[in-house]
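Trainee: I would like to learn how to read a structure like this one. Could we go through it feature by feature?

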Amino acid sequence: MNAALKPKHQRLALLAVALVVVFGAVLLAMWALRNQASYFYVPSDMVATPPEPGQAVRLGGMVEAGSLRTRPDGVTVDFVVGDGEARVPVVFSGIVPDLFVEGSGVVAEGSLRADGTFLATNLLAKHDENYMPRELEEMTAAQKRETIAEAE
Amino acid sequence: MIAELGLAALWLAAALAGLQLIAGALGLREGGAGMAALVRPAAVVQALLCALAFGVLLLLFVRTDLSVALVARNSHSDKPLIFKLAGTWGNHEGSMLLWVSVMALAGGLIAFLERRLPERTMIATLGAQAFVAVGFYAFLLASSNPFERLPVPAAEGMGLNPLLQDVGLAFHPPTLYVGYVGLSVAFSFAVGALLTRQVTPDFAKVMRPWVLGAWIFLTLGITAGSYWAYYELGWGGWWFWDPVENASLMPWLAATALLHSASVLASRDALRAWTIMLGVVAFSMSMIGTFLVRSGILTSVHAFAVDPERGSFILVLLAIYIGGALLLFAIRAGTIAEGERFSILSREGALVVNNVALSAILGIVLLGTLYPLLTEAFGVRVSVGPPYFNPVGAVFFLPMLGVLAIGPLLRWRRDSFERIQPSVVAIAVVGVAVLAGVYFLAGIALLPLLGMALAAAVAIGSVLPLRGRSLRRLPLPVWGMVVAHFGVAVALFGMAADTAFQQERLVAAQVGETVEDGPWSITLVSVEPVAGPNWTALEATLHARYKGGEPSVVQPQARSFWTPPQETSEAALLTRWNGQLYSVIGGEAEGGRWQLRLWWKPFVTWIWYGGVLIALGGLLALVGRLAGDLKRRSAQAQIAARRAAP
């Protein structure tokens, strides 16, 4: 098939094919990124403009004091994440991070269910001084104080 | 005193890199032979000084010299020796010193060993290597001095992140760094060849062992990092598309493409400009990776200290080196003469497909990794994960695997479909049979299903080139190709099998209770406190029986470290040839029960066996190439000796 091409054109043809494929990959990537990127919500955002049920998102806020309950199966927990303005009930099955306690910050990965509870598939709690979820670190001091005061 | 010795050696090495750069630049001009003669010795001495500086830092960590700020922040006198050593590079400053040391050693080695290329190209190459090194020395000395003293020595060190206190992990950063920075040699060769317009098969032959070496280390580093994340984080996953993982995957993708295009250039004198371009891209990806990991833009166990000044410094270096090299490429690419032609249906054609697909995947990973940073600049918080990377990457990865199964069967330059038809039919039949068989027996999701079928096709395709050849006389590089491609099939099968068939159980169990997970029945025998050198733990003892066989003991722990205070979960693994039982103990639940998380992960270990096979294939090819070079060298020496003799 290539024999039909004028020899001079082989380099150009290769270049064109490579460019088209790589450019195609970039376009596909951009399109997919617009559609699939998961977003970070604080409780007031999640209540005001809830994401589609089932869409993968992150929810970050404070675990309200007195809201943490373990179900009889011993591995499922219910708790409420608040930011001083809104509250979102969360359910999670699994081993909770060690520093996950009432009144501390948490980022929950998962999705909102149709009934308004957040089904978490993973919890990121503040691990240690050197490693904490970025979203938590960036909650303003005022927000933290407010949420802690609220929780108390 | 000894810390000052290290610092002095580092300053001297930086000065020599400056000398090497200036001498290289002047030496390229007409009549610059005097200056050019300085370049090689400067590179060798620079390497020795840098090695000395790194040796000094190692010694400071071994002695736990708490008058040095870096040691006080990252070490502790209680730590076992191996982790004191690992502490040297388990922090920002030490790891950057390791980076420049590897770079200086690589430069010193090419200066000392490499005599095949025209001397002008070598001078330009070593000048380019020094140009890159100078920037990183400046970074190290200006904003990350590892030898800084404390005004008052600390009473005790602050310790190393417990997640990093693991023997396997101790060698993960140096392995990756040798890979990352080894690619700087490819970058410098590419820049040198562009400067002197000497893009020849010899250039590819000289560059190839370096690329192979760097690629072997990258492969091992990624494989080890994946296994570490798998057992140390306690989440049971082996790849998270975490930006830090992507930072190591991107140079690997570029180096894999470079490896294949360099072999086209070396054997067939084609793909000249493309090989140069990949040489530039591969090391650029290493630098972007370093920037992502070290700048503090990403928060992870890898981001040791968040310091915006450091981030901007690396960003400026990146812009200069990547921008400069790409600009040089744009100016000179037109002057690179076209290489040999080939038909689309040929080994070259298949390798072009491999290169284009790898580049496309690289673009996809790069965009997915940078996109959250871009949107964050506009105040939108986004995280990109498997729902993006898996399907979008697969669009290019799966067809590439199809070509991988067939490509090695093709001849160089031109081939006919009739000749390879029987092999292609055999490969296709195996692939389709596996596809149909797995689909009807198990009915699994599309991606793992295609993964299994392609794994079978690649496995067959990778060994077919052995057919009809004398196995004893087969050159080592061909063995390398076969082993590495077979490794791809093995790893792919592991990934597909684990994704499709893993079985998870999450329970709160009483002591004495038995839990079923897939073919396993697991009894919780006891939970006891245990103590280690710098931690205490709760340890569960489990008796696991596979299909009712003899019980094996597994003991997962929940550990508490005290320097620094942190809890980690030590998963316990039970390995069989066909997979692993993965167990984690959580907290205590009501009624004296203990949380247990159990996974049966069929064939998951094949992922890492595959990674090791891929690296082994690279090693075989490297040994074959080096042995060939040595043989050629001694033959040439003999001819020269005979000519010299009367």
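Mentor: We begin with contacts: two residues are in contact if their C-beta atoms, placed from the backbone, lie within 7 Å. Keep in mind that this is a predicted model.

Trainee: Which residues does Ala13(B) touch, not counting residues up to four places away in sequence?

Mentor: Ala13(B) touches Gln46(B), Leu49(B), Cys50(B), Ala53(B), Ala104(B) and Tyr137(B). Ala13(B) is also listed among the residues with the most contacts inside the largest nonpolar core.

Trainee: How many residues does the largest nonpolar core have?

Mentor: That core has 186 residues, and others with the most contacts inside it include Val100(B), Ala186(B) and Val458(B). Helix H9 of chain B, residues 201-232, gives the most to this core, with 16 residues. There is a second, separate core of 51 residues, which includes Phe79(A), Val106(A), Ala571(B) and Trp594(B).

Trainee: How do I decide whether a residue is buried or exposed?

Mentor: Count the other C-beta atoms within 10 Å: 20 or more is buried, 12 or fewer is exposed, and in between is partly exposed. Val191(B), in helix H8 (residues 172-196) of chain B, has 27 such atoms and is therefore buried. Phe83(B), in helix H4 (residues 81-87) of chain B, has 24, so Phe83(B) is buried too.

Trainee: What does Val191(B) touch, not counting residues up to four places away in sequence?

Mentor: Its contacts are Ala128(B), Ala325(B) and Leu328(B). Val191(B) and Ala394(B) are 203 residues apart in sequence and 33 Å apart in space, C-alpha to C-alpha. For Phe83(B) and Arg115(B), the values are 32 residues and 40 Å.

Trainee: Now a helix. Why does the span of helix H13 of chain B agree with its number of residues?

Mentor: Multiply 1.5 Å by one less than the number of residues. H13(B), residues 347-377, has 31 residues and should span 45 Å; its end C-alpha atoms are 45 Å apart, so the two agree. There is still a kink of about 35° at Leu370(B), shortly before the proline Pro372(B).

Trainee: What about backbone angles?

Mentor: Most residues other than glycine have a negative phi. Thr64(B) has a positive phi of about 50° although it is not a glycine. Phe603(B), not a glycine either, has a positive phi of about 60°.

Trainee: Where are Thr64(B) and Phe603(B) found?

Mentor: Thr64(B) is in the loop between helix H2 (33-63) and helix H3 (69-74) of chain B. Phe603(B) is in the loop between strand S11 (593-602) and helix H18 (605-644) of chain B. With 18 C-beta neighbours inside 10 Å, Thr64(B) counts as partly exposed, whereas Phe603(B) has 22 and is buried.

Trainee: How is chain B divided into domains?

Mentor: Domain 1 is 1-159, domain 2 is 416-501 + 605-618 + 632-636, and domain 3 is 504-602. The C-alpha centres of domains 1 and 3 of chain B lie 45 Å apart. Six residues of domain 1 are in contact with four residues of domain 3. On the domain 1 side, these are two nonpolar, two polar and two charged residues.

Trainee: And what does the secondary structure of chain A come to?

Mentor: Chain A has four helices and seven strands, in the pattern α-β-α-β-β-β-β-β-β-α-α. Buried residues make up 32% of its 152 residues.

Note on methods:
Residues are numbered from 1 along each chain as its sequence is written. Chains are lettered from A and ligands numbered from 1 in the order in which they are written. This is a predicted model: local features need pLDDT of at least 70, side-chain atom pairs count only at pLDDT 80 or more; totals for chains, interfaces and linings use all residues. Helices (H or I, at least four residues) and strands (E, at least two) are DSSP runs, numbered from the N terminus. The bend at a residue is the angle between axes fitted to the seven residues ending there and the seven starting there. Domain bounds come from an automatic or database domain assignment. Ala, Val, Leu, Ile, Met, Phe, Trp, Tyr, Cys and Pro count as nonpolar, Asp, Glu, Lys and Arg as charged, and the others, Gly among them, as polar. A nonpolar core is a set of buried Ala, Val, Leu, Ile, Met, Phe, Trp, Tyr and Cys residues joined through C-beta atoms within 7 Å.
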